[in-house]
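The following exercises are to be worked with the sequence and the three-dimensional model at hand. Each task is followed by a solution in steps.

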Amino acid sequence: MPVAIVVGIQWGDEGKGKVVDYLTERASLVVRFQGGDNAGHTVVVEGHKTALQLIPSGILRPDCRCLLASGVVLNPFSLRDEIASLQAVDVEVSPERFGIAGEVQLILPYHRAIDAAREANRSGGKIGTTKKGIGPAYEDSVTRSGIRFCDLLNQPRLEELLARNLEFKNNYLKEVLGSDEQFEYQSLLDDLLKLADQFKPYLANVSAEVNSAIETDQYVMFEGAQGCLLDISHGTYPFVTSSNTVAGYACASAGFGPNRVDRVIGICKAYCTRVGGGPFPTEDHGEAGETLCKVGNEFGTVTGRPRRCGWLDVMAVKRAMRLNGVESLILTKLDVLSGFDKIKIGVSYTLNGEVLDDLPPSSDDIEKVEVVYEEVPGWKDDITKARSLEDLPAETRSFIARVEELTGCAVDGFSVGPDRAQTIISGEPVKQFAKV
Ligand code: IMP
């Protein structure tokens, strides 16, 4: 049985959740390996929408167990609300269905306050974070001052760590960031102890579970959040999230060997979007960008912010393929391109007159690149009812074929709408993951 990693290969919001949901009918484990409640997935099954932020999309498959690996940052208050909202629509989130690694770092209210205050204090070059406290929580992880899920479950340890952290964070908020937000030890501790009681049964040895599932030939899926170009090491720094979003991090976070991975599947929107600040070479500031935003309903699931929209960027896709080892692309939201006379594809970049073979490391340089576009014929037909490649108009199939040629990667599936039924897996290497 296969081990697969699904990653976004643009700036997030590629539709990973929906593809993971589709591909996990037969999965034993679905493991989230980075990020936190900055992510937002909407999965639609027979017209019924479910919003997910932390819990892997596999939760909608009754036989699938979902895990949060050590590299995730967990806001226990958000998790409590997410579990309640899933249970309200009869999705079971019992300790049999869902587990959390003891090593997971917690996001606490002061992380969110720090994130918001820093964004407010930045005069220019705002990152445009989700203000969920992601960066400050990862910071505590690397400075070795963070509070982890296993500490939440150990009252004396929690008391000690919380007292130490609160003193420092309250001081930092007030004196350095000029924020009015202060947090009171006893009330925060009381709230956390209540959550500890609720979450104790979810404690899991994720690395042991993952390795044993692999050893016993079960199907394990790793679900990435955000996208490759938001990766802390390889993305458009500093306009990135604070975790490694690339496929390789699945191994580090969940604690298993890279030799175990069978396939990396890259989820790629048929055009491109970005939310927040930072370079976006193929952004379209005109009518086309507006149309993509409107037709694609490109508003952040977590923050509601309108997403910046533009055309597919082959240079960015190729970089992401290389960084992740992507061998199959799933092209999502193809239906949003219906109605354009011509569809643009960004095929290469120049900087100061020189042709580039990759994105430069500096965001200042990426801001300055000029994109060379190619135009392909569009199509007018409504493709939302297509259920196979053959159902698509010739122009749509040519567009897919051109993406394959330009990226050098097989397009093994596509989606033509938000519903589970509108995801079509057409390529053999990915078919093994879906029950088709
Ligand atoms: P943070 O992850 O909240 O620190 O935000 C850092 C950057 O990543 C900002 O530009 C966010 O808009 C972006 N970002 C974070 N999570 C997502 C996501 O799930 N989809 C798209 N962009 C995201």
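**Exercise 1.** In which loop does Asn 297 lie?

*Solution.* The structure is a predicted model, in which local features need pLDDT of at least 70 and side-chain atom pairs count only at pLDDT 80 or more, while totals for chains, interfaces and linings use all residues. Residues are numbered from 1 along each chain as its sequence is written, and side-chain values use heavy atoms, with hydrogens and water left out.

Step 1. Helices (H or I, at least four residues) and strands (E, at least two) are DSSP runs, numbered from the N terminus. Asn 297 is found in the loop between helix H10 (287–295) and strand S13 (308–310).

Step 2. The backbone of Asn 297 has phi near 50°, a positive value in a residue other than glycine.

**Exercise 2.** Identify the salt-bridge partner of Arg 307 and state which parts of the chain the pair ties together.

*Solution.* Step 1. A salt bridge requires a side-chain nitrogen of Lys or Arg within 4 Å of a carboxyl oxygen of Asp or Glu. Side chains of opposite charge can pair when their charged atoms come close.

Step 2. The partner of Arg 307 is Asp 13, at 3.1 Å from N to O. Arg 307 belongs to the loop between H10 and S13, and Asp 13 to the loop between strand S1 (3–8) and helix H1 (16–23), so the pair ties together parts that are 294 residues apart in sequence.

Step 3. The search of the whole structure finds 24 salt bridges.

**Exercise 3.** Describe the interface between the two domains of the protein chain.

*Solution.* Step 1. The bounds, which come from an automatic or database domain assignment, are 3–94 + 204–434 for domain 1 and 106–202 for domain 2. Their centres, taken over C-alpha atoms, are 29 Å apart.

Step 2. With contact meaning heavy atoms within 4.5 Å, 31 residues of domain 1 touch 24 residues of domain 2.

Step 3. Buried area is the accessible area (1.4 Å probe) that two parts lose on being put together, summed over both. Here it is about 2100 Å², and carbon and sulfur atoms give 66% of it. Val 73, Pro 76 and Phe 77 supply 26% of the area that domain 1 buries against domain 2, more than any other three residues.

Step 4. The count of salt bridges between the domains is 0. On the side of domain 1 that touches domain 2, strand S6 (73–74) and helix H2 (76–88) give two or more residues. The largest share, 6 residues, comes from H2.

**Exercise 4.** Locate the cis peptide bond that joins Tyr 237 to its partner.

*Solution.* Step 1. The partner is Pro 238, and omega is about 5°.

Step 2. Pro 238 is placed in the loop between strand S10 (220–223) and helix H9 (248–254).
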